[in-house]
Amino acid sequence: MRHLMSPLDLSVEELDELLALANDIEHNPVKYAHACEGKKLATCFYEPSTRTRLSFESAMLNLGGSVLGFSSADSSSAAKGESVSDTIRVISCYADICAIRHPKEGAALVASLKSSIPVINAGDGGHQHPTQTLTDLLTIYSLKGEFSGLTIGLCGDLKFGRTVHSLIHALIRYANIRFVLISPEELRIPDYIREDVLHKNNVPFTEMERLEDAMPELDILYMTRVQKERFFNEEDYVRMKDFYILTKDKLTLAKEDMMILHPLPRVNEISVEVDDDPRAVYFKQAQYGVYVRMALILTLLKWR
Ligand code: NCD
């Protein structure tokens, strides 16, 4: 049995197979409409979510399976003091596979150690968010055709943004990738990623503060929200929240075929006027999240 805690839990070959399966699902949905009949997915969400939880549920329903779960800690026995370990032991009796989101780093890993069903990390604090990365990879692969040789700008809250951490982990395994890390000083990428992931693997990257300076060289611009819920005080958040606002004006500096991704939800960091630009693919990206989660559920149930 396999779990998914980080994108690195999948080899590059397994990742490629998963993306190929997701691509087949997109083009031949009927073929998969009964693939998970009789199977149940539990979604255990201790933190707010729209896309991740609903795309997981939509994915399982598209496969002919069923879903059960909770969408906040308050509505589960966590409110009575139950541990994640105990909860997952019980959920293992009710479902065949589980997606879990929790505000604490490592919570999904703790759950996986006590689980008798595959556990998928649907976001653990400011740490990792591997299924968003699968979504991002499928989006890039489907719309750009490859990963190699891309210059990828990651912009915003690189400190707390778990989607950024997971995406870097996944992309460094492809050839000639270059990162431009665009953030205010206080929200720079954590040291463990700069040292243990980027430097250690000799991945070229630059860090800068001004989005305008980075824009002309980017093939992909990955915008992120300032992660309000991870700040220790409101004042710091308010100071940081509008640091970057991508406008039509700024986009005039970008390549004609640059792609703008965002895991969503968007707050102010992309002006709505940008939505109509053909380079803005963040709503398409949310759709890819369903195909890739269908592929993931199928694959983890097959490996069981
Ligand atoms: C992201 C998350 O939860 O980390 N959202 C998502 O799953 N699409 C990004 C965010 O909340 O900013």
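Is Lys104 buried or exposed? Lys104 is exposed, because its relative accessible area is 58%, where exposed means over 50% relative accessible area, buried under 20%, and partly exposed in between, with a 1.4 Å probe and protein chains only.

What we have before us is a predicted model, in which local features need pLDDT of at least 70 and side-chain atom pairs count only at pLDDT 80 or more, while totals for chains, interfaces and linings use all residues. Residues are numbered from 1 along each chain as its sequence is written, and side-chain values use heavy atoms, with hydrogens and water left out.

Let me turn to the ligand. Its surroundings consist of Thr52, Arg101, His129, Gln132, Arg162, Thr163, Arg225, Gln227, Pro263, Leu264 and Pro265; a residue is counted here if one of its heavy atoms lies within 4 Å of the ligand. By class, this shell divides into three nonpolar, five polar and three charged residues. In that scheme Ala, Val, Leu, Ile, Met, Phe, Trp, Tyr, Cys and Pro count as nonpolar, Asp, Glu, Lys and Arg as charged, and the others, Gly among them, as polar.

Now the polar atoms. An N or O atom in the side chain of Gln227 is 2.8 Å from an oxygen atom of the ligand. A polar backbone atom of Pro263 is 2.9 Å from a nitrogen atom of the ligand, and a backbone N or O atom of Leu264 lies 3.0 Å from a nitrogen atom of the ligand. The ligand taken alone exposes 320 Å², of which the protein buries 94%; accessible areas come from the Shrake-Rupley method with a 1.4 Å probe, and for residues only the protein chains shown count as cover.

Leu264 and Pro265 are joined by a cis peptide bond, with omega about 10°. Pro265 belongs to the loop between β9 (259–261) and α11 (282–303); helices (H or I, at least four residues) and strands (E, at least two) are DSSP runs, numbered from the N terminus. Most residues other than glycine have a negative phi, and most peptide bonds are trans.

Asn176, in the loop between α6 and β6 (178–182), has a positive phi of about 55° although it is not a glycine. Asn176 is exposed, at 64% relative accessible area. Asn202, in the loop between α7 (191–199) and β7 (205–208), likewise has a positive phi of about 55°. Asn202 is exposed, with a relative accessible area of 67%.

Which helix is largely enclosed by the rest of the structure? Helix α6 (residues 162–171) is so described because 10 of its 10 residues are buried. Among them are Arg162 and Thr163, both of which also belong to the surroundings of the ligand.

I move to two side-chain contacts. A polar contact is a pair of N or O atoms within 3.5 Å; within protein, one must be able to donate a hydrogen and the other to accept it, and residues adjacent in sequence count only if both atoms are side-chain atoms. Thr131, in helix α5 (residues 130–144), is buried, with a relative accessible area of 0%. Its side chain makes a polar contact of 3.0 Å with the side chain of Arg293. Asn28, in the loop between α1 (12–27) and β1 (40–45), is partly exposed at 33%, and its side chain is joined to that of Asp24 by a polar contact of 2.7 Å.

Finally, some separations, all C-alpha to C-alpha. Lys104, in the loop between β3 (97–102) and α4 (107–114), is 58 residues from Tyr46 in sequence and 9.6 Å from it in space. Gly149, in the loop between α5 and β5 (151–155), is partly exposed at 44% relative accessibility. Gly149 and Ala175 are 26 residues apart in sequence and 6.4 Å apart in space. Val274, in the loop between β9 and α11, is buried, with a relative accessible area of 0%. Val274 and Arg304 are 30 residues apart in sequence and 43 Å apart in space.
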